[in-house]
Amino acid sequence: MNNEQKTKQNSREKLIIAMADLLLEKGLANTSPKDILKRSGVGQGSLYHHFNGKEDLALYAITYNVEQLISINASVLNTNTNAYNKLSNLLLKPRNIQRGCLVGQMARDRSIMTNPHLAAEVTRGFLTMKQTLENLIRMGISDGSISNILAPLEAVTLIISTLQGAYISAKGLQDDSYFHLTINSLLKIFTPKS
């Protein structure tokens with residue numbers, strides 16, 4: 001790859017990452033091309049050279065956020081410990097609570113969810129999260145490290161709903177400790193009885 005190709009690729013990546021952040025901070029409707037260019041630090045012609053407008057860039061940015069979530073979760077889950085510890089580590093991993101969930105924040109964006117192409121990518125993120133958690137719960141019930149009080153699908157629905165709600169509660173109460181309190185309370189449900 002020559003220098004010109006590297007610069008073009010670098011500009012494209014900067015635009016995607018800038019848009020990915022802006023979607024979480026401002027939402028699709030409130031993000032202007034000027035915001036994207038300012039955040040990315042690339043020239044004005046780059047946006048329309050690489051993408052067919054804001055919605056096209058948004059699709060790449062949503063995919064970027066979904067892939068970030070999948071990658072972060074995989075690094076937490078690919079450890080040599082039992083399923084309960086993996087679940088605990090996954091739910092208590094360091095995160096930007098005020099920004100919100102990489103996928104959940106976008107699911108609350110009406111401009112994203114009313115666009116079938118953009119919504120499909122957000123749904124892919126949730127389905128991947130659902131499948132990962134369901135496999136983890138099944139493994140934990142099987143090895144005895146996770147309580148079988150709930151069926152795997154019930155457990156996953158509770159986990160995802162509680163996790164998303166914990167972000168909102170912490171933001172609304174302006175105190176991140178409520179996020180951790182909620183998640184620690186949730187984990188008690190999955191602790192097997194001695």
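First, the ground rules. This is a predicted model, where local features need pLDDT of at least 70, side-chain atom pairs count only at pLDDT 80 or more, and totals for chains, interfaces and linings use all residues. Residues are numbered from 1 along each chain as its sequence is written, and side-chain values use heavy atoms, with hydrogens and water left out.

Let's start with the helix itself. Helices here are DSSP runs of H or I, at least four residues, numbered from the N terminus.

Now the ends. At the start, a side-chain oxygen of Asn115 comes to within 3.0 Å of the backbone nitrogen of His117. After H8 comes Gly144, with a positive phi near 85 degrees.

Next, burial. Buried means under 20% relative accessible area, exposed over 50%, and partly exposed in between, with a 1.4 Å probe and protein chains only. The buried residues of H8 include Leu118, Val122, Met129, Leu133 and Ile137. Two glutamates, Glu121 and Glu134, are also on that list. What covers the buried residues? Among the covering elements are helix H4 (54–77), helix H9 (152–173) and helix H10 (177–190). Contact here means heavy atoms within 4.5 Å.

On to the charges. A salt bridge is a side-chain nitrogen of Lys or Arg within 4 Å of a carboxyl oxygen of Asp or Glu. The whole structure has six salt bridges.

Take Glu67 and Arg124. Their closest N and O atoms are 2.7 Å apart. Glu67 lies in H4 and Arg124 in H8, so this pair ties together parts 57 residues apart in sequence. Both ends are partly exposed: Glu67 at 35%, Arg124 at 27%.

Arg124 has another partner, Glu121, with closest N and O atoms 2.5 Å apart. Both sit in H8, three residues apart, about one turn of the helix. Glu121 is buried, at 12%.

Further along, Glu134 pairs with Lys130 at 2.9 Å between the closest N and O atoms. These two are four residues apart in H8, again about one turn. Is Glu134 buried or exposed? Buried, at 12%. Lys130 is partly exposed, at 30%. As for shared partners, salt bridges join Glu67, Glu121 and Arg124 into one network.

Methods:
A polar contact is a pair of N or O atoms within 3.5 Å; within protein, one must be able to donate a hydrogen and the other to accept it, and residues adjacent in sequence count only if both atoms are side-chain atoms.
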